[in-house]
Amino acid sequence: MTNRPKIIDGKALSQKIRSELKTKAAAFEASHNRKAGLAVILVGEDSASQIYVRNKITACEEVGIRSFAHYLPKETGKDDIIELIEALNSDNSVDGILVQLPLPDKSVENEILEHVSPFKDVDGFHAVNAGNLLLGNQCLAACTPSGVIELIKSAGTEISGKHAVVIGRSNIVGKPVAMLLLQENATVTVCHSKTRNLKDIAKDADILVVAIGKKEFVTADMVKVGAVVIDVGMNRHDGKLYGDVKFDEVSEKAAFITPVPGGVGPMTITMLLNNTIKAAERGSK
Ligand code: NAP
């Protein structure tokens, strides 16, 4: 059976949320006599990271968030990065701190991220925020997963009671997506590389979130007719961007589906801006 899927437009949703954030940023500035502030730390000269950082800074300017960019040479040692983070932790004009990953030395990433104050951890990667997400407490949730939830809701889909299948269990996407879906009262199954009968499980999903990093891995025979399919994957191949879902054939069966590019991607920066405003409004409470 084929049907006409509705494409969930991440760019349009992103613009809508950013215009709401603009209003919130202006209200914050009016009541605090300063703009909400986001500090971005980039270590080294990775070209993709430079583009991501530039995009984040431009997005901040667009909604009225002040950005503080710290570009450090790739040789910068762990202690110097931590010293900068500690200074930003106690800087009252900085509400959010983002360390652009990957760092040139990946082995120190976790240790460095744990030095970011949980109140300023707008990426939502700190153990305190991850733990509070698990406990259902107030927290700064990771940006891409929060964007996934907004995309599902924007399709008018009721999440409560649905079977949501998440393929991928990374700390930055799969696990937090699963926690957020659980908070929305979905029945959640998390799959990974050791999952048996992945196809059968995926095929039972009312909501299927795919975050594995494998070009066009999910095919039509793995998807239920009428499912909502969210494709987090970003796989570059011969200069072109592909998702983890084979869009052309899966879109024949899905009720709603996100494209790559133009789905989850634009929402990630938007949720970063959202977290920055949230952190600014909340302060260290
Ligand atoms: P990751 O850390 O590499 O994790 C991949 C996950 O997929 C792992 O849990 C792995 O299982 C699972 N997996 C790999 N192969 C599988 C298979 N054949 N069957 C089932 N599960 C499999 O990746 P990530 O950081 O979560 O990112 C995933 C994708 O999302 C990437 O393409 C990334 O570029 C993209 N992404 C996009 C955004 C955005 O803003 N749009 C943000 C972040 C990430 P194991 O745990 O068993 O190894």
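Four bridges join strand 2 (residues 37-43) to strand 4 (residues 96-99), and the two run parallel. Two strands count as paired if DSSP finds at least two bridges between them, while strands (E, at least two residues) and helices (H or I, at least four) are DSSP runs numbered from the N terminus. Within this pair, Leu38 has Gly96 of strand 4 as its bridge partner. Strand 4 shows two faces: Gly96 and Leu98 point one way, Ile97 and Val99 the other way, and all are buried (under 20% relative accessible area, with a 1.4 Å probe and protein chains only).

Before going further, a word on the model. It is a predicted one, where local features need pLDDT of at least 70 and side-chain atom pairs count only at pLDDT 80 or more, while totals for chains, interfaces and linings use all residues. Residues are numbered from 1 along each chain as its sequence is written, and side-chain values use heavy atoms, with hydrogens and water left out. The mean pLDDT (the predictor's confidence in each residue, from 0 to 100) of the chain is 96, and 98% of its residues reach 70 or more. Confidence is highest in strand 5 (residues 163-167), at a mean of 99, and lowest in strand 9 (residues 235-237), at 94.

Strand 5 is joined to strand 7 (residues 207-210) by four bridges in the parallel sense, and Ala164 has Ile207 of strand 7 as its bridge partner.

Now to the ligand. It is surrounded by 22 residues, and the closest are Arg169, Ser170, Ser193, Lys214 and Thr268 (a residue is near if one of its heavy atoms lies within 4 Å). Three of these make polar contacts, meaning pairs of N or O atoms within 3.5 Å:

| Side chain | Ligand atom | Distance |
|---|---|---|
| Ser193 | oxygen | 2.5 Å |
| Thr268 | oxygen | 2.7 Å |
| Lys214 | nitrogen | 2.9 Å |

On its own, the ligand has 920 Å² of accessible area, and the protein covers 72% of this (by the Shrake-Rupley method with a 1.4 Å probe). Helix 10 (residues 264-282) gives the most to the shell, with three residues. The shell divides into 10 nonpolar, 10 polar and two charged residues; here Ala, Val, Leu, Ile, Met, Phe, Trp, Tyr, Cys and Pro count as nonpolar, Asp, Glu, Lys and Arg as charged, and the others, Gly among them, as polar.

Note on methods
A polar contact is a pair of N or O atoms within 3.5 Å; within protein, one must be able to donate a hydrogen and the other to accept it, and residues adjacent in sequence count only if both atoms are side-chain atoms. Buried means under 20% relative accessible area, exposed over 50%, partly exposed in between (1.4 Å probe, protein chains only).
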